[in-house]
Amino acid sequence: QLSCLVKMVTLHGIPKDLDSYPKDLLLFLSPSDYAATGTCRQYFANIGKANLDVLQRESSQRKELLLEALACLKIPGTRVNEENAEILGRLVCDLGGEYIRSSGGKLLKQLSQCESFLPDQEEAIRSVISSGNTTFGPPGVWSAFTLNELSGLIPVFDHSILQKIPK
């Protein structure tokens, strides 16, 4: 339905008010299509708010979106800063374990919104959490607020993390 809607919306060219359309619609446009409306950063900030699960997790379209986002944001290597993590939004769900490890805790907030993780991602999340080198600190100092912020990651926590969290 969305790809059909995109065809209808763009029948007479790209509308100038693309930002007023549902974010999920943008998943079926490219950054170059969006260029008339705004920058690639704006495009990916909107994509980051979209429901990425409209696209299959391992689909070429979803992989291409992530690669284009990393190129647009000029992310060198595998370290993502907080500003770029914010722009990537739900796209961080597709970043591999090496990005999660390199970025420390900067991706945790966005990762907690993901529906599921690959084993490599789970391992990286546990490693980052266990290190305690995040804005949340080590699990031993967490509060109910911290757990609420990271609620989407709780299923990934192993026994060694869970036992450190204060009752």
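How many helices and how many strands does the secondary structure of this protein chain come to? Ten helices and zero strands. Helices (H or I, at least four residues) and strands (E, at least two) are DSSP runs, numbered from the N terminus.

A word on the source. This is a predicted model, where local features need pLDDT of at least 70 and side-chain atom pairs count only at pLDDT 80 or more, while totals for chains, interfaces and linings use all residues. Residues are numbered from 1 along each chain as its sequence is written, and side-chain values use heavy atoms, with hydrogens and water left out.

Now the overall picture. From the N terminus on, the elements run α-α-α-α-α-α-α-α-α-α. Along the principal axes, the C-alpha atoms fill a box of roughly 60 × 30 × 25 Å. The chain has 167 residues, and 43% of them count as buried. Buried means under 20% relative accessible area, exposed means over 50%, and partly exposed is in between (1.4 Å probe, protein chains only). Next, contacts, meaning heavy atoms within 4.5 Å. Take those with a separation of 6 or more: residues 24 or more positions apart account for 50% of them.

Let's look at one helix pair. Helix 3 is residues 40-47, and helix 4 is residues 60-72. They pack at an angle of about 135°, with their axes 10 Å apart. That makes helix 3 oblique to helix 4. Here are the cut-offs: under 35 degrees is roughly parallel, over 145 roughly antiparallel, 65 to 115 roughly perpendicular, and the rest oblique. Axes are lines fitted to C-alpha atoms, for helices over the stretch in contact, and angles run from 0 to 180 degrees between N-to-C directions.

Who makes the contact? Helix 3 brings Cys40, Arg41, Tyr43, Phe44 and Ile47. Helix 4 brings Leu65, Glu68, Ala69 and Cys72. Those residues divide into seven nonpolar, no polar and two charged.

Which residues of helix 3 are buried? Tyr43, Phe44, Asn46 and Ile47. They cover an arc of only 155° around the axis, so they sit on the same side of helix 3. That arc is taken from the directions from the helix axis to the C-beta atoms. Their cover includes helix 2 (31-34), helix 4 and helix 5 (82-88).

Last stop, Lys109. Lys109 lies in helix 7, residues 108-111. Its relative accessible area is 43%, so Lys109 is partly exposed. Leu5 is 104 residues away along the chain, and the C-alpha atoms of Lys109 and Leu5 are separated by 32 Å.

Technical notes:
Ala, Val, Leu, Ile, Met, Phe, Trp, Tyr, Cys and Pro count as nonpolar, Asp, Glu, Lys and Arg as charged, and the others, Gly among them, as polar.
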